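Please look at the chain below and find the open spaces along its surface. The text after it starts with those spaces and then turns to the chain as a whole.

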Amino acid sequence: VVGIVIDDSPAFRADILTGDTILSVDGLPVYGTKSLGDLIKARYGKPIDVGLLRNGQVLTKTVQLGQ
């Protein structure tokens with residue numbers, strides 16, 4: 001679950017909100033913060049598709065990493 005989103009961060013620009021639950025990165029499941037960190041590190045500098053759950057609805061947001 002996203003605990004904080006910093007203004008002008010990649011998550012902020014991609015409209016990821018506090019309270020969203022991150023489900024996947026580029027279609028790969030996220031099992032926790034370490035899993036998420038590993039997936040993000042492997043894709044640094046590239047856009048990623050983040051699957052998330054918001055208010056019962058599954059959404060996909062594209063996040064540009066490392067701008």
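In this predicted model, the largest pocket holds about 350 Å³ of space. Its lining is made up of 19 residues, and those closest to the pocket centre are Ser 9, Ala 11, Ile 16, Ile 22 and Ile 40. Two or more lining residues come from each of helix H1 (10-13), strand S1 (21-25), helix H2 (33-42) and strand S3 (47-54). Sorted by class, the lining of the largest pocket contains 16 nonpolar and 3 polar residues, with no charged ones.

The second largest pocket has a volume of about 160 Å³. Its lining includes Val 1 and Val 2, Thr 21 and Ile 22, and also Val 30, Tyr 31, Gly 32, Thr 33 and Leu 36. S1 and H2 each give at least two residues to this lining. Here the classes are 6 nonpolar, 3 polar and no charged residues.

What is the order of the elements, starting at the N terminus? The order is α-β-β-α-β-β, built from 2 helices and 4 strands.

The overall dimensions come next. The C-alpha trace spans about 30 × 25 × 20 Å along its principal axes. A compact globule of 67 residues would have a radius of gyration near 11 Å, and the chain agrees because its own value is 11 Å.

Of the 67 residues, 34% count as buried. Among contacts with a separation of 6 or more, 34% are between residues 24 or more positions apart. The chain exposes about 4400 Å², of which carbon and sulfur atoms supply 58%.

Note on methods
Residues numbered from 1 in each chain as written. Predicted model: local features only at pLDDT ≥ 70, side-chain atom pairs only at ≥ 80, totals over all residues. Heavy atoms only, no water. 1 Å grid on protein atoms, 1.4 Å probe; cavity = no way out; pocket = protein on both sides within 12 Å on 5 of 7 lines; lining within 4 Å. Points joined across faces, edges and corners; volume = space filled by probe spheres on them. Nonpolar A, V, L, I, M, F, W, Y, C, P; charged D, E, K, R; others polar. Rg over C-alpha atoms; globule rule 2.2 N^0.38 Å. Buried < 20%, exposed > 50% of the residue type's maximum accessible area, 1.4 Å probe, protein only. Contact = heavy atoms within 4.5 Å. Areas by Shrake-Rupley, 256 points an atom, 1.4 Å probe, with all protein chains shown as cover.
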